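Good morning, colleagues. I shall speak briefly about pockets and helix packing in the structure now coming up on the screen.

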Protein chains: 2
Amino acid sequence: IDPKAAEAARLRQGVLTKPPGSLGRLEEIAIRLAGWQGKERPALQRVSAIVFAGSHGVTARGVSAFPAEVTAQMVANFAAGGAAINQLAKAAGAELSVVPLDIDKPTADFTQAPAMDDDAFLTAVSTGHDAVAQDADLIVLGEMGIGNTTVAAAVAAGLFGGNGGEWAGRGTGVDDAGLKRKAEVIDEGLTRHAGRLGDPLAVLAALGGRELAAIFGATLAARRHRIPVVLDGFVCTAAAAPLAKLSAGGLDHAIAGHVSAEAAHRRLLEALSLSPLLDLGMRLGEASGACLAVNILRSALACHNGMASFAEAGVSEG
Amino acid sequence: IDPKAAEAARLRQGVLTKPPGSLGRLEEIAIRLAGWQGKERPALQRVSAIVFAGSHGVTARGVSAFPAEVTAQMVANFAAGGAAINQLAKAAGAELSVVPLDIDKPTADFTQAPAMDDDAFLTAVSTGHDAVAQDADLIVLGEMGIGNTTVAAAVAAGLFGGNGGEWAGRGTGVDDAGLKRKAEVIDEGLTRHAGRLGDPLAVLAALGGRELAAIFGATLAARRHRIPVVLDGFVCTAAAAPLAKLSAGGLDHAIAGHVSAEAAHRRLLEALSLSPLLDLGMRLGEASGACLAVNILRSALACHNGMASFAEAGVSEG
């Protein structure tokens with residue numbers, strides 16, 4: 001982060017024609033983007049939304065309301081332009097990339113073995129890392145993968161403690177029996193991989209999935225390139241969370257786009273000290289909540305870059 | 001409201017390629033706009049943001065952190081394009097109109113007399129009513145007027161009970177002494193006009209201001225023309241509130257764009273059973289929070305109108 005650019009942006013916010021602080025989080029956003037982009041007046045010319053897709057062996061355990069083949073069907077729907085994220089990315093002025101990760105080859109069922117071996121995990125992390133364009137002004141991350149709220153809950157429990165019952169939610173809409181199964185499956189996974197829970201990367205490899213590993217890689221790459229990131233829902237946040245466990249401030253470049261209706265998301269955001277911009281009861285994934293938040297970021301910068309100062313406008317200060 | 005169009009929109013939401021309900025409030029927005037516009041697929045071609053400005057006699061009592069002349073200065077800033085709302089309206093694809101209401105002639109200090117006599121009140125209501133274009137797809141309302149959070153608090157107390165201390169907030173940023181003065185001034189106004197508090201229109205005339213009366217008129221006109229309305233912050237909501245007191249469901253066409261940092265706004269929204277879309281700590285007025293919310297409405301309709309159905313996309317349902 002560039003403290004000079006952030007400070008210059010903060011000073012600018014103080015002289016714009018409004019009571020100090022009256023634009024609330026829009027001011028905070030402008031100052032943070034200034035710091036990460038190293039510019040007093042940050043820009044969102046190139047906004048890159050990346051949706052990673054993966055398949056999960058744990059779906060065999062009946063943890064989702066939708067069949068596993070929906071992952072591939074939805075990837076085709078993304079390509080055809082028919083999904084929510086196609087519309088939301090367009091509305092937010094973001095270019096959308098969809099990156100399927102071996103979706104015809106599910107990860108291992110984590111109750112039986114690590115979801116990914118080292119090679120599969122590192123390949124997925126690298127794919128995510130390489131998907132980040134160095135010249136992007138903002139990266140927006142999301143995912144698609146039937147079964148991945150189970151996976152995300154297992155990762156969150158592995159990183160922050162707690163059991164399956166505390167982190168499992170209804171995902172795409174499982175019934176009570178499905179929810180109970182999810183919690184049990186997560187507990188089985190936590191027990192099987194108990195020896196790995198001290199290592200955030202091992203947690204992600206053993207209990208995560210390829211799209212989660214790719215989101216982790218992309219979040220890391222964005223940090224290296226000093227590009228701010230907007231995170232989406234529970235799965236996306238769980239995927240990025242190991243960065244915060246690996247180093248304090250590891251997610252300082254990340255903005256929580258929204259808090260989803262998946263109850264564990266709020267808990268995870270609190271564990272990461274991230275305060276979501278939106279709270280609209282969404283629970284779709286696909287980067288949908290994150291893309292929606294990009295509109296807020298654009299408006300924040302429109303004010304920051306376009307408003308007149310008290311002196312320019314001849315307005316008396318308080 | 002057109003129940004057939006709303007029902008058609010609800011059915012459409014059920015077949016789009018996403019788990020049912022997973023777009024949360026975006027689904028609710030699409031269905032409501034369908035009902036009010038009478039179209040299964042509503043549109044936001046013409047979005048009209050109207051900012052009414054007024055001056056307040058009660059500013060003589062030292063209730064604001066800014067001098068009274070700032071109202072006229074900010075109206076000039078709106079005309080020059082330098083204010084927050086200019087940037088936010090542009091970012092939201094809204095055409096902005098600013099309507100100053102006799103800003104060189106403050107209303108009466110409501111602790112001494114009714115803020116407006118019948119003639120002044122009805123003139124302001126009519127001005128607001130006539131500012132609504134019948135062919136607008138959406139009306140976005142806001143205000144500017146130094147002193148008007150005091151006025152709004154008095155109106156809210158007059159309509160819903162409670163005293164000055166419960167409804168007064170820091171507005172543009174008064175200190176503790178100023179906040180105490182605000183509460184006292186509101187209590188004086190409530191005492192002076194105690195005989196009028198049973199009549200919502202008399203409350204608005206006696207304790208309100210011209211811009212509040214105009215917002216009331218515009219909200220009424222929008223309802224007559226079946227145009228949905230987005231309300232802004234505390235002042236705007238207090239101005240529209242008499243409609244809900246006059247008839248149950250009188251604000252059914254109104255969407256609360258955001259909840260502001262002015263603490264009484266949350267309380268007022270609760271009294272009106274309005275659930276705000278955004279909560280970003282904003283407290284500027286000018287329709288700023290409402291315009292920001294227009295981006296959310298646009299994204300909601302982009303999904304509603306642009307997504308493929310399960311059948312169209314060949315995606316399996318849950």
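A word on provenance. This is a predicted model, in which local features need pLDDT of at least 70 and side-chain atom pairs count only at pLDDT 80 or more, while totals for chains, interfaces and linings use all residues. Residues are numbered from 1 along each chain as its sequence is written, chains are lettered from A and ligands numbered from 1 in the order written, and side-chain values use heavy atoms, without hydrogens and water.

A pocket here is an open set of points on a 1 Å grid over the protein atoms alone, where a 1.4 Å probe fits, with protein on both sides within 12 Å along at least five of seven lines; lining residues have an atom within 4 Å of a point. Volume is the space filled by probe spheres set on the points, which are joined across faces, edges and corners. Helices (H or I, at least four residues) and strands (E, at least two) are DSSP runs numbered from the N terminus.

The largest pocket holds about 370 Å³ of space. Among its 20 lining residues, A:Arg266, A:Asp279, B:Arg266, B:Leu278 and B:Asp279 lie nearest the centre. Helix α12 (263-271) of chain A and α12 (263-271) of chain B each give two or more residues to this lining. By class, the lining comprises 12 nonpolar, one polar and seven charged residues (Ala, Val, Leu, Ile, Met, Phe, Trp, Tyr, Cys and Pro are nonpolar; Asp, Glu, Lys and Arg charged; the others, Gly among them, polar).

Now to the helices. At what angle do α2(A) and α13(A) cross? They cross at roughly 85 degrees, and their axes come within 9 Å (axes are lines fitted to C-alpha atoms over the stretch in contact, with angles from 0 to 180 degrees between N-to-C directions). The two are therefore roughly perpendicular (65 to 115 degrees). In this contact (heavy atoms within 4.5 Å), A:Leu26, A:Ile29, A:Ala30 and A:Leu33 of α2(A) meet A:Ile296, A:Leu297, A:Ala300, A:Leu301 and A:His304 of α13(A).

Technical notes: Parallel < 35°, antiparallel > 145°, perpendicular 65-115°, else oblique.
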